[in-house]
Amino acid sequence: GSAVSAVDRTHTALMGYLRLACQGIGTQIEESDGLTSLLKKLVKNHPALEGHAHMEQIGKVLRSSGAILDALEPLRNRASMAHANHELLEEPEARLIVNVSRTLFHSLDSRLGELAR
């Protein structure tokens with residue numbers, strides 16, 4: 001399908017992933033925690049995200065990604081097919097959201113998965 005229809009699924013998958021990752025390390029999460037809050041908790045608490053070369057700068061990149069996620073949630077709610085919205089994202093912008101979300105997901109999964117290997 002189109003990237004516009006993938007915005008909601010991408011949001012849902014990333015939300016689930018961040019929740020599970022936080023819970024997996026015993027980090028307290030709230031039902032009201034959104035993507036930004038979950039990412040912040042994960043970056044702050046996950047042992048796989050500390051002690052590596054350049055982690056200070058990588059932490060900045062990850063925390064800055066929170067600003068992207070902060071913009072993703074209202075776009076998902078008000079401009080995607082998640083709800084009966086009249087003004088949907090255009091395909092290039094929807095593709096941007098999907099690709100940024102996928103990049104963050106794959107990067108985190110690659111790093112956090114190392115603990116289980």
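Predicted model: local features only at pLDDT ≥ 70, side-chain atom pairs only at ≥ 80, totals over all residues.
Residues are numbered from 1 along each chain as its sequence is written, and side-chain values use heavy atoms, with hydrogens and water left out.

View 1. Tyr17 and Phe105 sit edge-to-face, 4.7 Å centre to centre with 70° between the planes (planes over 60 degrees apart count as edge-to-face, under 30 as stacked, the rest as tilted). Tyr17 belongs to helix H1 and Phe105 to helix H4, 88 residues apart; helices here are DSSP runs of H or I, at least four residues, numbered from the N terminus. Tyr17 is buried at 15% relative accessible area, while Phe105, at 26%, is partly exposed (buried is under 20%, exposed over 50%, partly exposed in between, with a 1.4 Å probe and protein chains only).

**View 2. Asp8 grips Arg76.** Here is one of three salt bridges in the structure (a side-chain nitrogen of Lys or Arg within 4 Å of a carboxyl oxygen of Asp or Glu). The N to O distance between Asp8 and Arg76 is 2.7 Å. Asp8 is in helix H1 and Arg76 in helix H3, so this pair ties together parts 68 residues apart in sequence. Arg76 counts as buried, with 17% relative accessibility.

**View 3. Ala82 in its loop.** Look between helix H3 (55–79) and helix H4 (91–112) to find the loop that holds Ala82. Ala82 is partly exposed, at 22% relative accessible area. Setting aside neighbours within four places in sequence, Ala82 touches Asp8 and Arg76 (contact means heavy atoms within 4.5 Å).

**View 4. Asp33 with Lys41.** These two form a salt bridge, and their closest N and O atoms are 2.7 Å apart. Both Asp33 and Lys41 are buried.

View 5. Arg95 and Glu91 both lie in helix H4, four residues apart, or about one turn of the helix. Arg95 is partly exposed at 42% relative accessible area, and Glu91 is partly exposed too, at 28%.

Conventions
Helix = DSSP H or I, 4+ residues; strand = E, 2+ residues; numbered from the N terminus. Phe/Tyr/Trp six-rings, centres within 6.5 Å; stacked < 30°, edge-to-face > 60°.
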